[in-house]
Amino acid sequence: MTHDAAEGTTRSSASPQVRAAWGLLAVLLLIWLVFETAKYGGWVIVAAVAGVVAPDLPFLVGIRGPHQHGRLSRRAVPVHNLLHRPVVAVVVMLACLVPGSPAVAVPLFNFGLAWLVHIAADRALGFGLRTAEGRRR
């Protein structure tokens with residue numbers, strides 16, 4: 001766990017064992033994602049890239065607003081925390097069961113899978129949810 005004495009922020013409050021478990025999950029999900037994108041190609045690759053990037057889009061919301069280094073803008077925190085919940089990514093993955101067309105279902109599943117890879121990698125690296133002030137928990 002690293003501390004920034006000037007701001008009092010911590011990199012992660014999770015134990016090394018929990019972070020290692022998230023890391024193992026991230027690796028396994030990444031292998032699955034690479035397999036799926038290689039298997040289907042085309043729009044599935046685009047969906048996978050979008051799924052990796054999408055959870056960090058709230059950073060763009062607060063880019064112009066007032067904030068300190070290492071903190072997320074207060075107005076971006078709720079969206080950031082929502083997009084970094086694993087259950088949301090799993091719901092997106094399960095949404096692939098709704099459309100009858102594989103042309104929609106497969107990219108949707110891979111989008112959710114990539115999103116879950118992003119969340120697991122963030123947690124393994126010590127980046128997780130934010131406090132209301134925008135600090136790392």
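**Exposure and confidence in a predicted model**

Biologist: Why is Ile-45 called partly exposed?

Modeller: Buried means under 20% relative accessible area and exposed over 50%, with partly exposed in between (1.4 Å probe, protein chains only); Ile-45 has 43% relative accessibility, and therefore counts as partly exposed. This is a predicted model, in which local features need pLDDT of at least 70 and side-chain atom pairs count only at pLDDT 80 or more, while totals for chains, interfaces and linings use all residues. Residues are numbered from 1 along each chain as its sequence is written, and side-chain values use heavy atoms, with hydrogens and water left out.

Biologist: What makes Gln-17 exposed?

Modeller: Gln-17, which lies in helix H1, has a relative accessible area of 59% and is therefore exposed.

Biologist: Which residues form the nonpolar patch on the surface?

Modeller: The patch consists of Ile-45, Val-49, Val-52, Val-53, Leu-57 and Leu-60, which together have about 510 Å² of accessible area (Shrake-Rupley method with a 1.4 Å probe; for residues, only the protein chains shown count as cover).

Biologist: Where in the protein chain is confidence lowest?

Modeller: On pLDDT, the predictor's confidence in each residue from 0 to 100, strand E1 (residues 3–4) is lowest, at a mean of 40. Helices (H or I, at least four residues) and strands (E, at least two) are DSSP runs, numbered from the N terminus.

Key:
Patch = residues over 30% accessible without salt bridge, like charges linked within 9 Å, V, L, I, M, F, W, Y side chains within 5 Å. Salt bridge = Lys/Arg side-chain N within 4 Å of Asp/Glu carboxyl O.
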